[in-house]
Amino acid sequence: MSPPSKLDHEASLETPGLQRHRHEAVSVVPTLVITVSDTRTLETDSGGALLVERLTAAGHPVVERRIVPDEPAAIASALREALARTDVRAVILTGGTGVAPRDITPETVEPLLDRVIPGFGELFRMLSFEEIGSAALLSRALAGIADGRVVCVLPGSRGALRLALDRLLLPELGHLAAEAVKRR
């Protein structure tokens, strides 16, 4: 018999309230993927391709994948267009989260959010620290809610995307999407 997995352990720690919330989660979250890059094309964007592959495998259809330049107006316009769509429940942006002068995705997206989910960035950096050490502090990953949709801003590296998807987003995306549309 194999030892219990980390996920089995986490599931055994769930409270009845958390179990209820997970039960209320939606199982399908149509997602739009935006890669922020001045150099990538759809053919060379391996991070965006990974997002599509992993989201689709988890049952979350990707309704569109696009690339926009590292320009505030282009990023904001792409996000507003995504949020205007009725077939989108989540938007994932990848790229432009570092500290270089061209990395402007977080400060472009944050003003468009109704609510920030601080724990996302905190947990991402903590988990990233376990994998890459102190370089994790350079990440400005971010998540929030805008117009009843989940919005995530992730680094562009495939390793960071795998980490964010496997440890944070895929386990909670349906829960986040359900919570995003709740009314008082």
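Residues are numbered from 1 along each chain as its sequence is written, and side-chain values use heavy atoms, with hydrogens and water left out. Because the model is predicted, local features need pLDDT of at least 70 and side-chain atom pairs count only at pLDDT 80 or more, while totals for chains, interfaces and linings use all residues. Helices (H or I, at least four residues) and strands (E, at least two) are DSSP runs, numbered from the N terminus.

Helix α6 covers residues 118-132. Its 15 residues should span 21 Å at 1.5 Å a residue, the expected span being 1.5 Å times one less than the number of residues. The end C-alpha atoms of α6 are 21 Å apart, which agrees. F120, G121, F124, L127 and S128 are buried in α6 (buried means under 20% relative accessible area, exposed over 50%, partly exposed in between, with a 1.4 Å probe and protein chains only). Seen down the helix axis, the buried residues of α6 fall within an arc of 135°, so they line one face. The arc is taken from the directions from the helix axis to the C-beta atoms. P118, E122, F129 and E130 are exposed, on the face of α6 turned away from the buried side. The cover over the buried residues includes strand β5 (142-146), strand β6 (149-154) and helix α7 (158-180). G133 follows α6 and has a positive phi, near 75°.

H60 sits in the loop between α3 and β2 (62-68). H60 is buried, at 4% relative accessible area. Beyond residues up to four places away in sequence, H60 touches S27, V28, V29, T31, L55, L170 and L173 (contact means heavy atoms within 4.5 Å). V52 belongs to helix α3 (residues 46-57). V52 is partly exposed, with a relative accessible area of 24%. With neighbours within four places in sequence set aside, V52 is in contact with V62 and R65. The C-alpha atoms of V52 and E64 are 9.2 Å apart, and the two residues are 12 residues apart along the chain.

I104 lies in the loop between β3 (90-94) and α5 (105-109). The relative accessible area of I104 is 14%, so I104 is buried. Not counting residues up to four places away in sequence, I104 touches D70, E71, P72, I75, G96 and R140. I104 and D70 are 34 residues apart along the chain, with 7.0 Å between their C-alpha atoms.

Side chains of opposite charge can pair when their charged atoms come close. The structure holds 10 salt bridges (a side-chain nitrogen of Lys or Arg within 4 Å of a carboxyl oxygen of Asp or Glu). One of them joins R102 and D38, with the closest N and O atoms 2.6 Å apart. This pair links distant parts of the chain, 64 residues apart: R102 is in the loop between β3 and α5, and D38 is in the loop between β1 (31-36) and α3. R102 is partly exposed at 41% relative accessibility. D38 is partly exposed at 43%.

R85 forms a salt bridge with E64, the closest N and O atoms being 2.5 Å apart. Here too distant parts of the chain are linked: R85 is in the loop between α4 (72-84) and β3, E64 is in strand β2, and 21 residues separate them. R85 also meets D87 in a salt bridge (2.8 Å, N to O). Relative accessible areas are 23% for R85, 27% for E64 and 33% for D87. E64, R66, E81, R85 and D87 are linked in a network of salt bridges.
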